[in-house]
Amino acid sequence: MSAPASAAFGSDHNPLGLSVELGLDRPIRLDCGVEMPSVIVAYQTYGRLNPEKSNAILICHALTGDHYVADPHPLTGKPGWWIDLVGPGKLLDTDRYFLICSNVLGGCMGTTGPKDINPATGKPWGQGFPVITVGDMVQVQARLLDHLGIDQLFCAIGGSMGGMQVLEWCASYPDRVFSAVPIATAARHSAQNIAFHEVGRQAIIADPDWRNGEYQLHDTRPQRGLAVARMAAHITYLSETALHRKFGRNLQGDRDAFSYGFGADFQVESYLRHQGSTFVDRFDANSYLYITRAMDYFDLAAEHDGVLANAFRGTKTRFCVASFSSDWLFPTPESRAVVHALNAVAANVSFVEIQSDKGHDAFLLDEPEFHATLGGFIEGAARHRGLPARGG
Amino acid sequence: MMMMTLNNGALRVDLKLIADMVEPGSRVLDVGCGEGTLLSWLGKHKNVDGRGIELSMAGVSAAVAQGLSVIQGDADTDLKDYPAGAFDTVILSQTLQATRAPMDVLGNMLRIGRRAIISFPNFGHWRVRAGLAVGGRMPVTDTLTYEWYDTPNIHFCTIRDFLELCRVLNIRIDTGIALDRDGGVLPMAGTGWLANIFAAQGLFVLSRNG
């Protein structure tokens, strides 16, 4: 699996990704006021930067994503999370564009996060890690672009929390984003979404193995809490229709009657337990607390005098906003609010609500209509940017 | 909904009339742009900075897929956000009769655009009158193709009704054109009595008075 996938990206492509220490020249000041003396950023690139440095696309990953966009995940061995879109000749064409994806600040796949050693104490950061924001994540990504010598992205693209980062990019660094694709996202985290995150966090914190976030020092891991957090969150990524189609009320394979107990009678229970138990193998509980908090704090309008349109005033970026009809985590009205704000500043914006019954996760899945729209938008943007056409 | 193009990429006759009225290099919003046929033509031939609004996912998807900037939405809900004077021309082709609040739509078009180009089926056409008067049935014609129970058209008007609304709203009519069933131009003089009987659709260029 890994050999052919990686071979497609050239002999010098390292499927494990790259890493750089940033902020050594000037500290990275976070929204909470803390200055990070330096931050390690783990990232991956695909394709080649053209001599004009005008073909870079930044992919922003979601809450539990990482920079293994089109490489097998080093811990799970699963194919990259956007392998459907990223590759030679694909929609995000690695033969034409230079794709960058970095693990977010606070993450646990190589970028500095709570499980790493705090140089000041010599111990893991744990709960001593500063509370981060989506703005902080984007600031670190901007430093990464500085490091790579890229002034302006051809495109910033991402779904869910990745879409929040895309919006933040357009608000904070408008001149550095030629085109932007925020997918299945919102300009602010809703009360309902904060509530779901709080359930997840409380599940982790209630796990005795969490140990006030110092589980690494005690050689324990709050696996049950993190698994429950994942189970609850996973429900929000799907739709009732999708869950029903997949499982209905079906009992597990070897059962033909209720057990009259609390084992996993139903297939959907077994599925969720599996989602929870595999998640803890690849994700850090404290990272989950910090990144969900960053999403909760995200409110682009609040950062601009309560008027979302102010975040985009004067923007020259070309936008393509997309939502999915059955997504109840980031429902279409959230995307519409972004579109209306962009209209209010007469921005160049396209918007489509894709009919899909797959819920929030649709942005990760094979959705032909979405891919056709996205492909057209990127082709059009490439034309306006003066990049060679497909096959040219 | 309707066939937007004839073969060879030529524009439908009424769209061609509209296209001819658009100034080269201007900013254009096409409300109800379908798959973007008019916008695409204007982009290629008149170098306009075009935007579109379209109700159907398929229409939006097809338009964006050819590189146009189109949002999924409708005239009733999505015009109010644009700032005043954002466009030189706002186009509403064959859609006014399907809006919930035509007065607000008209007002918004002339707020966000320096001028508006509007075409709509004329409910005063003699075939419509005959359908109701002689047949006693709700009219179904070439331009009004729906049965009463499945029509998206909820606010029909005649050309004279439209002229009266423009008077009430103090909207200036820069150009008024009456079109027959094939898109041929008929004379529209004076109060529009004759046009109101013989035109299948009306096409108007509007601007704010004063």
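A residue is called buried if 20 or more other C-beta atoms lie within 10 Å of its own, exposed if 12 or fewer do, and partly exposed in between, with C-beta atoms placed from the backbone. The model is a predicted one, in which local features need pLDDT of at least 70 and side-chain atom pairs count only at pLDDT 80 or more, while totals for chains, interfaces and linings use all residues. Residues are numbered from 1 along each chain as its sequence is written, and chains are lettered from A and ligands numbered from 1 in the order in which they are written.

View 1. A:Ala184 is buried, as 31 other C-beta atoms lie within 10 Å. Look for A:Ala184 in the loop between strand E12 (177-183) and helix H4 (191-206) of chain A; helices (H or I, at least four residues) and strands (E, at least two) are DSSP runs, numbered from the N terminus. Although A:Ala184 is not a glycine, its phi is positive, at about 45°. Most residues other than glycine have a negative phi.

**View 2. B:Gln94, a positive phi in chain B.** Phi of B:Gln94 is near 60°, a positive value in a residue other than glycine. B:Gln94 sits in the loop between strand E4 (87-93) and helix H5 (102-112) of chain B. B:Gln94 counts as buried because 20 other C-beta atoms lie within 10 Å.

**View 3. The two domains of chain A.** Chain A is divided into domain 1 (2-190 + 298-385) and domain 2 (193-292), with bounds that come from an automatic or database domain assignment. The C-alpha centres of these domains of chain A lie 26 Å apart. Where they meet, 28 residues of domain 1 of chain A are in contact with 22 residues of domain 2 of chain A; two residues are in contact if their C-beta atoms, placed from the backbone, lie within 7 Å. The side of domain 1 of chain A that touches domain 2 of chain A has 11 nonpolar, 12 polar and five charged residues. In this sorting, Ala, Val, Leu, Ile, Met, Phe, Trp, Tyr, Cys and Pro count as nonpolar, Asp, Glu, Lys and Arg as charged, and the others, Gly among them, as polar.

**View 4. The largest nonpolar core and A:Ala156.** A nonpolar core is a set of buried Ala, Val, Leu, Ile, Met, Phe, Trp, Tyr and Cys residues joined through C-beta atoms within 7 Å. Which residues of the largest nonpolar core touch the most other members? Of its 167 residues, they are A:Ile57, A:Ile59, A:Leu99, A:Leu153, A:Cys155 and A:Ala156. This core draws at least three residues from each of domain 1 and domain 2 of chain A. Leaving aside neighbours within four places in sequence, A:Ala156 contacts A:Leu58, A:Cys60, A:Val166, A:Trp169, A:Val177 and A:Ala180.

**View 5. Helices H2 and H3 of chain A.** The axes of helix H2 (residues 134-148) and helix H3 (residues 161-172) of chain A come within 9 Å and cross at roughly 70°. That makes H2(A) roughly perpendicular to H3(A). Axes are lines fitted to C-alpha atoms, for helices over the stretch in contact, and angles run from 0 to 180 degrees between N-to-C directions; under 35 degrees counts as roughly parallel, over 145 as roughly antiparallel, 65 to 115 as roughly perpendicular and the rest as oblique. H2(A) brings A:Val134, A:Gly135, A:Met137 and A:Val138 to the contact, and H3(A) brings A:Met164, A:Gln165, A:Glu168, A:Trp169 and A:Ser172. By class, these are five nonpolar, three polar and one charged residues.

**View 6. Chain A meets chain B.** The contact takes 23 residues from chain A and 15 residues from chain B. Helix H9 (332-344), strand E14 (348-354) and helix H10 (368-385) of chain A are the elements that give two or more residues to the side of chain A that touches chain B. H10(A) gives the most, with nine residues. The residues on this side of chain A divide into 10 nonpolar, nine polar and four charged.

**View 7. A:Val339 in helix H9.** A:Val339 is found in helix H9 of chain A and is buried, with 22 other C-beta atoms within 10 Å. Not counting residues up to four places away in sequence, A:Val339 touches A:Val321, A:Val349, A:Phe351 and B:Ile71. A:Val339 and A:Leu167 are 172 residues apart in sequence and 11 Å apart in space, C-alpha to C-alpha.
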